[in-house]
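Let's take a walk through this one together. Have a look at the picture first, and then we'll go through it piece by piece.

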Amino acid sequence: MKKLTDRELDDLFKSAAEGYQPSFDSADWEAMNHKLNEKPASTWKKWTPFMALSLAVFFTGVWVGTRLMDSHQPVLPKEKPDSGKAVTGLANQEEANAIANNKATAQEVPLRQLDGMRNQNKQLTKKEKDSDLLSVRMAEDMALIKENRVDESIVYPGEVPFWGLVNGQEKNVPDSVSGFERADVTPDTAVIRDEREEVVKRTDRVHSLSVRLLAAPDFSSINFYPTKEMGSNYSIQLEYQLHPRLSVSTGAILSSKKYSSDKEVIYSGYRANDLIGSCRVMDVPVQLYYYLQPDKKTNFFAGLGASSYLMLKEEYTYSIQQAYGSRQYTRQVERKNNEWFKVLNLSAGVQRAIGERWHLQAEPFVKVPLSGVGEGDVLLSSWGVFMGFKYQFR
Amino acid sequence: MYLLIQGCKRKDRESQRLLYQHYYSYALSICARYSTTNAIAREVVNDGFMKVFAKIHQYNPESSFKAWLRKIMIHTAIDQYRKELKHMNQASVESAHGVFIQPRAVSDISHEELIGLVQRLSPAYRAVFNLYVIDGYTHEEVGKALGISPGTSKSNLLKARENLRRMLEDLNRVRYEKVN
């Protein structure tokens, strides 16, 4: 019996290190050869699949939206008297007919001819005020006329003819509308004084494009076990309105997911006693949104879609029970795994208009795994609440 | 050797293969002691050779190629250690009290088994033990390489030795039980 001294112990392992001669494994050279053949991929090449997918989804959405728009295009009235009727409120009927027949553009209309129209509007009755929507459109047209460099000084509020002559394009004028509330529009601001604040012009914003900037805390776990750590999500998404109530959205969410489990989990086919995971993920969602009240300032919506996870960095620490006890392993990989549409997205939220084009959004979400993801093939679920802004392009 | 290195400088694949094959065993014997598993060690070896081939122009022909390669392999293994350390909870170490083993049993343990024991150490202890005991670094150099103080290096070395003694004892006991 002898106690091994430090020197003896060191010598023992030194000799082992010197004497240890593992045999050559040709498979390792194959791996090395493959590695040498790999050219360092440039950043844009790494993102090519993601870009291609996003563009494909986006343009498909635009195409579908355009088709839907075409199929719902209103038929323009062909008879001149109808057109003339639609633009009642003009100073004289001849001008109205000429305009309705699209023989002149907004720029071509002698604006001085409109001078006489102002008094005409005094004849408007309460009946004629029944369409807030028309007032809104008129305001938009005023803005467009400005873009056509019409002299503001001689454009008066509520000038009806321009309603049917934006960019020289004839518009369908509802027969029911026969007049406008002059006081609602001013030439400089085109602001609508809408007494019923809930009725806004968002119904006109079909087929529009929006960009959403959102951030959310990220709570991730395996098999929905309670989690202690919190990650983060930063998102930029494009949303295309297919219908007043329906839109499609895609983009990128840079996500940091941290999770752990003290319970037994399946890691890469093994039963791990515990697991600590930390991942940076580029989440590419494709989502359909259904808006419940598209014509309201405060609008509730629900989302359904799927996410692809591009795993940028994965780090795992886990323990596996072995004959001599539990042994801990670590594993770290970078940009190795791309998981296409393996996560189901469910969300519900609310948005509040805070201006002509801006909206505030809050969107609680849950991401349900449809399959294992990442190096460990773990069933990773996530939840949180996205908060942020949406900017709607015209 | 000179021709092989010249071939590697020209990125000649056959020269690279021959150099790899020649030094593979040596490189793996280094990386295996720094890694948790042999599979990881082989990945480290290939990462190390990637550096060797990329930096072959920096090799000074007047010095030993083997020593240069060893240095690269150790640095690559330390890089791997840093990655591992991020999520590795350092194992608590019980004091080793009165560990006695049979000298004959120790001599029976193969080199591979002994390297396996080193692999079972926690990354921090393993790195210090390898650098100080086997690769001949001083505690100051170990501290610099691993980003720890020389005092921590000494402490980790002490704990690494204690753990190894305990593992040797366990190994000895298992063998004794098998025999009887």
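This is a predicted model: local features need pLDDT of at least 70, side-chain atom pairs count only at pLDDT 80 or more; totals for chains, interfaces and linings use all residues.

On the chain B side, the elements that give two or more residues to the part touching chain A are α2, α3, α4, α5, α6, α7 and α9. Of these, α2(B) brings the largest share, eleven residues.

Now for the rest of that interface. Chain B puts 49 residues into the contact and chain A puts in 41. Together they bury about 4300 Å², and carbon and sulfur atoms give 63% of that area. There are also six salt bridges between the two chains. To see a salt bridge for yourself, find A:R331 and B:E43: their closest N and O atoms sit 3.6 Å apart.

Next, turn to chain A and look for strand β8, residues 274-291. It's mostly covered, with 13 of its 18 residues buried. Strand β5(A), residues 246-261, pairs with β8(A) in the antiparallel sense over 14 bridges. If you want a spot to look at, A:V248 stands opposite A:L288 in β8(A).

Chain B averages a pLDDT of 82, and 83% of its residues score at least 70.

Definitions and conventions:
Residues are numbered from 1 along each chain as its sequence is written. Chains are lettered from A and ligands numbered from 1 in the order in which they are written. Side-chain values use heavy atoms; hydrogens and water are left out. pLDDT is the predictor's confidence in each residue, from 0 to 100. Buried means under 20% relative accessible area, exposed over 50%, partly exposed in between (1.4 Å probe, protein chains only). Helices (H or I, at least four residues) and strands (E, at least two) are DSSP runs, numbered from the N terminus. Two strands pair if DSSP finds at least two bridges between them. Contact means heavy atoms within 4.5 Å. Buried area is the accessible area (1.4 Å probe) that two parts lose on being put together, summed over both. A salt bridge is a side-chain nitrogen of Lys or Arg within 4 Å of a carboxyl oxygen of Asp or Glu.
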